Amino acid sequence: MSYTIINNYISESLYKLKAPYNMTPEYITLHNTFNDATAINEIAFMHRNPEPVSYHVAIDNKHAVQAIPFKRNGFHAGDGTTGPGNRKSIGIEICYSKSGGPKYINAEENAIEYVAHVLKQYGWGIERVKWHYDWINSKGQRKNCPHRILDEGRGKLVKGRIASKLKELYNP
């Protein structure tokens, strides 16, 4: 697959609401958007949404749009202001997950490749990839996210494909 990387960072004036903490990332958390917006539109909505909801990157079948530098936190994992999902994790949203189909399949392929590149950039292995489901909220609950990957029982397959792509990057 191929995609164009677009940097569309939130304004530093939004850091207090969307990315208030410095972060040294330790994980990557994958999400499905549960809508059919493009990555560009997903990030545009995050920019104008007045809620403290944020993620680093949205990926679709054509673009990987980064909105928050990896050195800042995002509020995407549902585990509060001190939880490791929000405070130590790069949040990546895979677009077109509601309806699925070819656009979603291509978005997921792009996410697999993108995540492998981020893992390589940090010198990490596949164990650093988490699902939103892995993070527990203050009520002791987990969110069924990335819903499409989990509902279709493809968690091991997707992580296996990321690991294979990572291996290719190290052994071209």
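Start by selecting strands E3 and E4: a hairpin joins the two through three residues. One thing to keep in mind as you click around is that this is a predicted model. E3 covers residues 57-59, and its pairing with E4 is antiparallel, over three bridges. Zoom in on Ile59 and you'll find it opposite Ala64 in E4.

For one of the contacts, click Ile6, whose bridge partner in E4 is Val65.

Now show the side chains of E4 itself, residues 63-66. Which way do they point? His63 and Val65 go one way, Ala64 and Gln66 go the other, and all are buried.

Next stop, the largest pocket. It holds about 410 Å³ of space. To find its middle, select Val53, His76, Glu93, His132 and Lys143, which are the closest to the centre among the 24 residues that line it. Then colour strand E2 (27-32) and helix H2 (39-48), the elements that give two or more residues to this lining. Which of the elements gives the most? That's H2, with three residues. Colouring the lining of the largest pocket by residue type, you'd get nine nonpolar, 11 polar and four charged residues.

Time for some rings. The aromatic pairs in this model come to three. For one of them, select Tyr122 and Trp124: their ring centres are 4.6 Å apart and their planes meet at 20°, so the pair counts as stacked, since the cut-off for that is under 30 degrees.

Are these two residues buried or partly exposed? Tyr122 is partly exposed, because its relative accessible area is 29% and buried means under 20%. Trp124 has a relative accessible area of 9%, so this residue is buried.

Last, look for lysines sitting over rings. Select Lys120 and Tyr170: the charged end of Lys120 is over the Tyr170 ring, 5.4 Å from its centre. Then move to Lys159 and Trp131, where Lys159 lies over the face of Trp131 at 4.8 Å from the ring centre.

Methods. Residues numbered from 1 in each chain as written. Predicted model: local features only at pLDDT ≥ 70, side-chain atom pairs only at ≥ 80, totals over all residues. Heavy atoms only, no water. Phe/Tyr/Trp six-rings, centres within 6.5 Å; stacked < 30°, edge-to-face > 60°. Buried < 20%, exposed > 50% of the residue type's maximum accessible area, 1.4 Å probe, protein only. Lys NZ or Arg CZ within 6 Å of the ring centre and 35° of its normal. 1 Å grid on protein atoms, 1.4 Å probe; cavity = no way out; pocket = protein on both sides within 12 Å on 5 of 7 lines; lining within 4 Å. Points joined across faces, edges and corners; volume = space filled by probe spheres on them. Helix = DSSP H or I, 4+ residues; strand = E, 2+ residues; numbered from the N terminus. Nonpolar A, V, L, I, M, F, W, Y, C, P; charged D, E, K, R; others polar. Pairing = 2+ DSSP bridges.
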